[in-house]
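Grab a pencil and open the viewer. Below are a few exercises, each followed by a solution worked through in steps.

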Protein chains: 2
Amino acid sequence: MNAEAHGTTAVPGPGADPASARGTWTPARARAAFREGLVAPTAGISRGYAQANLIIVPKAQAFDVLLFAQRNPKPCPLLGVLDAGQTSGPLLAGGDIRTDVPKYVVYEDGVPVAEPTDITSYWRDDLVTFIVGCSFTFETALQDAGLPVAHIDQGVNVPMYRTSRRCEDAGSMAGPLVVSMRSFPASRVADAVRITSRYPAVHGAPVHIGNPADLGIGDLSRPDFGDPVDIPDGHLPVFWACGVTPQAAVMESRPPLAIGHAPGHMLVTDARDIDYLVP
Amino acid sequence: MNAEAHGTTAVPGPGADPASARGTWTPARARAAFREGLVAPTAGISRGYAQANLIIVPKAQAFDVLLFAQRNPKPCPLLGVLDAGQTSGPLLAGGDIRTDVPKYVVYEDGVPVAEPTDITSYWRDDLVTFIVGCSFTFETALQDAGLPVAHIDQGVNVPMYRTSRRCEDAGSMAGPLVVSMRSFPASRVADAVRITSRYPAVHGAPVHIGNPADLGIGDLSRPDFGDPVDIPDGHLPVFWACGVTPQAAVMESRPPLAIGHAPGHMLVTDARDIDYLVP
């Protein structure tokens with residue numbers, strides 16, 4: 001089947017709900033909507049539940065990817081690993097990893113070759129799925145504390161940037177750190193640090209505050225992934241390690257095949273965000 | 001060379017220091033003492049520095065061991081992984097993983113076949129070393145809070161027990177959870193939880209408090225590894241996940257070759273215990 005046959009328009013069924021209602025969807029309902037054809041960034045969907053990045057590689061590359069995650073826990077906090085060929089698991093009960101994410105990116109030799117909404121036609125029994133924590137998970141806690149989350153308020157995808165900071169290598173896997181950005185008033189930056197540091201499994205505390213040039217980011221209005229957001233006067237940009245990082249490593253390291261989620265289009269898991277809260 | 005040629009008696013050099021002085025040794029000095037022949041449990045040595053468990057397997061088994069660690073983070077918190085054939089790294093600067101641990105256990109097909117104090121004669125270029133956090137790391141913090149640590153006070157090895165609780169399987173790796181035990185007065189158990197929960201990288205909060213029978217432990221005075229300790233009246237036994245767990249999985253899963261540390265005889269690393277402290 002041609003996964004691209006799915007359009008970007010909501011289809012009848014769960015996808016027909018207005019975007020404003022998506023915050024209250026259960027994760028199973030959100031996954032069903034994506035399975036049935038809805039394509040949208042997932043920030044703000046199923047509030048209170050953890051969202052996740054994907055990186056899927058053949059078993060031959062799986063040790064290197066797993067070691068890359070172990071050595072780079074800020075960008076690659078692993079929430080789960082599906083065995084080779086396995087398409088479901090406890091984080092997506094009753095779901096299917098091949099259909100339940102709104103959009104994927106398929107890489108051949110490190111080059112993006114397709115952005116399907118279903119990867120069934122690419123599936124092989126030797127594919128190992130890594131489920132990596134996503135900072136969307138702590139956005140509910142930020143909002144509950146009265147902190148504005150611009151990309152949700154502005155209805156766009158979170159801005160993400162490749163940085164000049166290198167990850168630790170692991171075998172064949174090497175690449176730059178990718179970060180997501182949220183901006184806050186100077187008086188609230190400490191709150192953003194305090195709140196997110198309690199969620200180490202979904203990127204935790206920021207890796208950088210202010211001065212994007214230090215990270216090699218020349219222009220915040222031109223993100224490498226996702227959409228630009230307006231940054232009000234008096235706000236500081238705050239940067240979190242991002243789960244797109246393994247895909248940047250794939251682009252550099254060129255395994256024969258790899259599949260990721262499309263940036264911002266995450267797996268909505270059955271885990272509660274508070275499951276990842278530390279004291 | 002025959003690693004067993006090293007005796008269990010202190011040799012001249014660093015190993016000649018009285019045991020009471022070992023708390024102030026630098027990690028490099030402790031490793032040198034073990035390299036030169038000292039054989040002793042490491043609790044209380046190089047206070048303030050992190051200690052670590054070892055599990056070393058051929059590359060062919062390395063993915064399963066790494067995935068086992070990922071799926072069982074309480075018993076197997078990874079502090080570092082040395083690439084195949086690598087014998088040193090940043091956690092043991094200038095050291096050698098083949099000589100710097102006081103005692104090892106060599107397993108063939110899951111059966112312990114030797115307890116050498118040097119594994120140079122067993123080394124192969126395809127061996128991958130996993131360095132796993134150890135609860136000795138938080139004992140300084142417990143002592144600083146006035147909590148008694150019986151095995152240090154009594155000069156013996158920490159008592160460890162196989163439990164009836166199963167770990168999550170990972171490919172060929174499966175086995176029971178192993179725990180270490182420390183006892184505290186009922187009035188201080190909450191403090192022990194509070195303090196150790198701040199060190200998730202070295203086993204973190206206890207997995208069980210009181211009632212050893214719930215864990216399938218019939219007799220606290222007969223540990224499966226290490227030594228029994230006296231438990232005063234009014235104390236509760238408190239159980240932490242233990243980094244011997246991968247060795248219990250090796251015994252059950254029977255890879256052709258595996259090498260671990262002898263229980264209680266840890267790698268003393270250059271990392272500070274506070275490096276693993278969370279807010």
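**Exercise 1. Work out how helix α6 (residues 245–253) of chain A sits on the strands of its sheet.**

Start with some ground rules. This is a predicted model, where local features need pLDDT of at least 70, side-chain atom pairs count only at pLDDT 80 or more, and totals for chains, interfaces and linings use all residues. Residues are numbered from 1 along each chain as its sequence is written, while chains are lettered from A and ligands numbered from 1 in the order in which they are written.

Step 1: find the strands. Helices (H or I, at least four residues) and strands (E, at least two) are DSSP runs, numbered from the N terminus. Chain A has an open sheet of 4 strands with antiparallel pairing, in the order β6-β7-β9-β8; two strands pair if DSSP finds at least two bridges between them. At the edges are β6 (160–166) and β8 (208–209) of chain A, each with a single partner strand, so one side of each has no neighbour in the sheet.

Step 2: check one pairing. β6(A) runs antiparallel to β7 (residues 176–185) of chain A, over 4 bridges. Here Tyr161(A) is opposite Val179(A) of β7(A).

Step 3: α6 of chain A lies across β6, β7 and β9 of chain A, at about 145 degrees to β7(A). Angles run from 0 to 180 degrees between N-to-C directions, and axes are lines fitted to C-alpha atoms, for helices over the stretch in contact. A contact means that two residues have C-beta atoms, placed from the backbone, within 7 Å.

Step 4: α5 (residues 189–196) of chain A lies across β7, β8 and β9 (235–241) of chain A, at about 20 degrees to β9(A).

**Exercise 2. Describe how domain 1 and domain 2 of chain A meet.**

Step 1: Domain 1 of chain A covers 3–134 + 252–276 and domain 2 covers 137–245, with bounds from an automatic or database domain assignment. Their centres, taken over C-alpha atoms, are 20 Å apart.

Step 2: count the contact. Domain 1 of chain A puts in 31 residues and domain 2 of chain A 34.

Step 3: see who contributes. On the domain 1 side, β1 (49–58), α2 (59–71), β5 (127–133) and α6 of chain A each supply at least two residues. α2(A) gives the most to that side, with 7 residues.

Step 4: sort by class. The domain 1 side splits into 16 nonpolar, 9 polar and 6 charged residues. Ala, Val, Leu, Ile, Met, Phe, Trp, Tyr, Cys and Pro count as nonpolar, Asp, Glu, Lys and Arg as charged, and the others, Gly among them, as polar.

**Exercise 3. Find the rotation that superposes chain B on chain A, then look at where the chains touch.**

Step 1: find the axis. Phe63(B) comes closest to it among the residues of chain B, at 2.5 Å (C-alpha). Both copies use the same surface, and 100% of the contact residues of chain B recur in chain A.

Step 2: count the contact. Chain B and chain A give 10 residues each. On the chain B side, α2 (59–71) and β2 (78–82) of chain B each give two or more, and α2(B) gives the most, with 5 residues. That side has 8 nonpolar, 2 polar and no charged residues.

**Exercise 4. Characterise the packing of α2(A) on α2(B).**

Step 1: get the geometry. The axes of α2(A) and α2(B) are 10 Å apart, at an angle of about 40 degrees.

Step 2: list the residues. Ala62(A), Phe63(A), Leu66(A), Leu67(A) and Gln70(A) meet Ala62(B), Phe63(B), Leu66(B), Leu67(B) and Gln70(B).

Step 3: sort them. The contact of α2(A) with α2(B) divides into 8 nonpolar, 2 polar and no charged residues.

How values were computed. Copies are superposed by least squares on the C-alpha atoms of residues with pLDDT of at least 70 in both.
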